[in-house]
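Below is a short briefing on a structural model, grouped by topic. Please read it beside the sequence and coordinates.

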Amino acid sequence: MTKRVRHHPNLIFAVGTQVVTLKDVFGQNGRTLHPRGAVGVVVKSPSDLEHSYRVRFPDGVEEALKSGDLTTLAKFKEGDIGESGVILRRHDLFENVIFQCVIGSQAYGLADSESDIDRRGCYLPPAELHWSLYGVPEQLECHETQESYWELQKFLVLALKANPNVLECLYSPLIEKATPLAEELLNMREMFLSRLVYQTYNGYVISQFKKMQSDIRNQGQVKWKHVMHLIRLLISGITVLREGFVPVRVDEHREQLLAIKKGEVPWEETEKWRLALHAEFERALEQTRLPERPDYEKVNAFLIKARRSAAQTRMSEPPEIAQPTGSNKVPVAQTFLSVSSPEPVLEKRRRNLPQWTMEGSCYFVTFRLAAGTLTEQERMIVLDHIKAGDKQFYLLAAAISCLTMHLLLRPHTGHSLSRVMKGIKGVSARLINQHRKGGLAQSGRMNHGTESFVTRPGV
């Protein structure tokens with residue numbers, strides 16, 4: 001994965017930094033002295049971002065420029081290389097999640113009526129995206145649903161480093177999705193456990209408690225929920241070293257931890273328990289049978305296998321169909337919500353199922369009969385009608401069984417998906433009823449309740 005040039009938003013460029021202008025530089029008479037994209041060198045840096053840089057150009061002329069009017073040469077040359085946001089705007093990577101579980105208070109057994117449901121896991125990106133210039137994001141996040149998924153390699157590396165959040169994913173009792181590849185990963189989860197748990201868990205708790213001690217001195221209070229989870233982490237680390245697995249539920253200590261969360265335990269008492277747990281953690285380290293390091297070779301072999309499976313999956317798919325020059329038709333292999341308009345607007349509606357639509361996108365839609373079945377001749381009637389509907393949409397693929405219809409289509413500009421589907425269902429039902437000479441109006445109607453839309457945006 002290509003590493004991007006990263007600048008802190010408050011970074012002040014040092015004297016000698018090569019910069020590129022992001023707009024034209026004009027002289028006092030309004031004449032363009034240097035066009036947008038001109039290269040210069042910082043000869044004087046401001047004390048803060050409210051003031052201007054002094055930039056010298058190759059012709060020796062110096063100009064004052066605000067921070068928003070320039071960027072470093074290195075970042076300018078980079079362009080979109082390594083910018084995984086490009087991939088996020090074009091593809092719905094949530095479709096590539098291979099492992100999903102619930103962690104946090106719900107998994108710990110500490111949830112109350114105000115607790116969120118935090119979902120975590122990992123995803124395996126398609127090979128062509130992983131190999132691309134843009135790369136793929138190390139983490140997918142959906143703040144509205146409290147979901148976060150690491151790219152598989154990042155997930156494995158964090159687990160090898162004994163990251164508590166990732167190890168708890170592997171041992172969560174609340175698993176909601178696991179592909180065969182993820183099942184294999186779960187079956188080898190003990191490969192990630194080593195004595196590094198002591199350094200990782202202990203180091204994190206010590207640093208956080210120092211901050212809390214500072215909060216007590218300066219503000220007279222702490223976030224008790226945070227204190228509770230640090231105590232829980234120490235208890236978990238001790239169990240890992242002694243018993244060789246990561247405990248997620250805290251049934252034995254539940255009442256004590258909840259008392260801390262509610263602020264019912266004095267700080268001094270909590271601090272005393274913490275120090276006792278640290279001492280117990282050290283004894284567990286001395287007695288543990290866990291190896292010094294995790295099994296890097298087995299984990300690496302798993303990662304290579306996963307990458308190969310992603311590549312093989314791609315090679316087994318049919319190739320994209322080339323379109324004539326100037327055609328506005330979308331290749332069959334293009335993903336859902338693949339956007340062709342420069343500034344699409346995502347619309348969200350909820351009926352029986354979430355319905356997300358966006359101008360210029362492709363949709364996979366499934367619907368079925370409310371009752372009864374279709375004969376082979378009736379299926380051909382429906383298919384002929386759908387194929388003839390090209391004034392409202394471009395049909396990519398269609399499959400019709402005796403009960404269900406599956407369509408892959410893209411509405412033409414000015415035609416909404418709901419309007420297209422209303423026409424398909426209404427006319428199809430009428431044609432079927434006419435074929436049956438009006439005797440099966442109810443059993444022939446199309447059910448609107450099973451429309452299957454993409455449930456997350458791809459941009």
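Cys101 counts as buried, because its relative accessibility is 0%; buried means under 20% relative accessible area, exposed over 50%, and partly exposed in between, with a 1.4 Å probe and protein chains only. The model is predicted: local features need pLDDT of at least 70, side-chain atom pairs count only at pLDDT 80 or more, and totals for chains, interfaces and linings use all residues. Residues are numbered from 1 along each chain as its sequence is written, and side-chain values use heavy atoms, with hydrogens and water left out.

**Cysteines**
- The structure holds zero disulfides, a disulfide being a pair of cysteine sulfur atoms within 2.5 Å.
- For Cys101, the nearest cysteine sulfur belongs to Cys169, 3.9 Å away.
- Cys362 is also buried, with a relative accessible area of 0%.

**Sheet**
- Five strands form an open antiparallel sheet in the order 6-5-4-1-7; strands (E, at least two residues) and helices (H or I, at least four) are DSSP runs numbered from the N terminus, and two strands pair if DSSP finds at least two bridges between them.
- Strand 6 (62-65) and strand 7 (70-72) are at the edges with a single partner strand each, so one side of each has no neighbour in the sheet.
- Strand 1 (residues 18-21) pairs with strand 7 in the antiparallel sense over three bridges, and Val20 stands opposite Thr71 of strand 7.

**Helix 9**
- In helix 9 (residues 224-243), 15 of the 20 residues are buried.
- Gly244 follows helix 9 and has a positive phi, near 75 degrees.
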